[in-house]
Amino acid sequence: MKHLLLPALLLLASPAAFAQKGAPATDVEAVKKTINTFFDGMRKGDSALVRSTLAPTAILQTITNRNGVVQVRTENPKEVLKMMGTPHKEVYDERISFEQVLVDAQLASAWTPYQFYVGSTFSHCGYNSFQLVKLAEGWKIAYIIDTRRKEPCK
């Protein structure tokens, strides 16, 4: 019976083991660093720092729900960078955690719950889904889509 227990336990653990199969820890950490740099740039109001994290053809989208109507809104990266870099009184502070990062070759996906604050005032929360590509210069954000709501927040 003891001989059957170990293989059974290994089979139960295998889905988690395959979630990041072949993804070196250094790639996972580099993906996290790129995303953290994006938000560091946002907090600092440094559009050049934010731009340094984006792939040349980055797409930024958000899912909105207004009066029960769900829509996907595409934001112009140049306008977002301009907004971030234009001096403003309060700090734009998106606080994220990494729930999951998956890497295969030059593609990475990150799922990050967040809470967004303007200064010390809570604005909204949701989840970000990042798609990154590993270019010659390193990991760059190719696509972001997020949800936005007031509650419930993680």
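**Core, disulfide and pockets of a predicted model**

Thr112 is found in strand E5, where helices (H or I, at least four residues) and strands (E, at least two) are DSSP runs numbered from the N terminus. This is a predicted model, in which local features need pLDDT of at least 70, side-chain atom pairs count only at pLDDT 80 or more, and totals for chains, interfaces and linings use all residues. Residues are numbered from 1 along each chain as its sequence is written, and side-chain values use heavy atoms, with hydrogens and water left out.

Back to Thr112: its relative accessible area is 0%, so Thr112 is buried. Here buried means under 20% relative accessible area, exposed means over 50%, and partly exposed is what falls in between (1.4 Å probe, protein chains only). Setting aside residues up to four places away in sequence, Thr112 touches Ile96, Ser97, Phe98, Gly126, Tyr127, Asn128 and Phe130; a contact means heavy atoms within 4.5 Å.

Now for the overall layout. The protein has four helices and seven strands, and from the N terminus on these run α-α-α-β-β-α-β-β-β-β-β. Of the 154 residues in the protein, 35% are buried. Take the contacts between residues at least 6 apart in sequence: 52% of them join residues at least 24 apart.

Next comes the nonpolar core, meaning a set of buried Ala, Val, Leu, Ile, Met, Phe, Trp, Tyr and Cys residues joined through side-chain atoms within 4.5 Å. The largest one holds 25 residues, and Val31, Phe38, Phe130 and Leu132 have the most contacts inside it. At least two residues of this core come from each of helix H2 (25-44), strand E1 (54-66), helix H4 (77-85), strand E4 (100-104), strand E5 (107-118), strand E6 (121-135) and strand E7 (138-147). H2 gives the largest share, six residues. Leu132 shows what such a residue meets: beyond its neighbours up to four places away in sequence, Leu132 touches Val31, Thr34, Ile35, Gln106, Leu107, Ala108, Trp139, Lys140, Ile141 and Ala142.

Then there is the cysteine link. A disulfide is a covalent bond between the sulfur atoms of two cysteines, and the search used here takes a pair of cysteine sulfur atoms within 2.5 Å. Across the whole structure, that search turns up one disulfide. The bond joins Cys125 to Cys153, with 2.0 Å from S to S. This pair ties together distant parts of the chain, 28 residues apart, with Cys125 in strand E6 and Cys153 in the segment after E7. The link of Cys125 and Cys153 is left-handed, with -85° about the S-S bond.

Thr147 lies in strand E7 and counts as partly exposed, at 27% relative accessibility. From Thr147 to Gln61 is 86 residues in sequence but 9.2 Å in space, C-alpha to C-alpha.

Gly85 and Gly45 are 40 residues apart in sequence, with 4.9 Å between their C-alpha atoms. Not counting residues up to four places away, Gly85 touches Gly45 and Ser47, and at 32% relative accessibility Gly85 is partly exposed.

Finally, the pockets. On a 1 Å grid over the protein atoms alone, a pocket is an open set of points where a 1.4 Å probe fits, with protein on both sides within 12 Å along at least five of seven lines, and lining residues have an atom within 4 Å of a point. Grid points are joined across faces, edges and corners, and a volume is the space filled by probe spheres set on the points. The largest pocket has about 380 Å³ of space. Its lining has 21 residues, of which Met42, Glu75, Glu94, Asp146 and Arg148 lie nearest the centre. H4 supplies the largest share of this lining, four residues.

The second largest pocket has a volume of about 150 Å³. Among the residues that line it are Thr62, Arg73, His124 and Arg148. E1 gives the most to this lining, with four residues.
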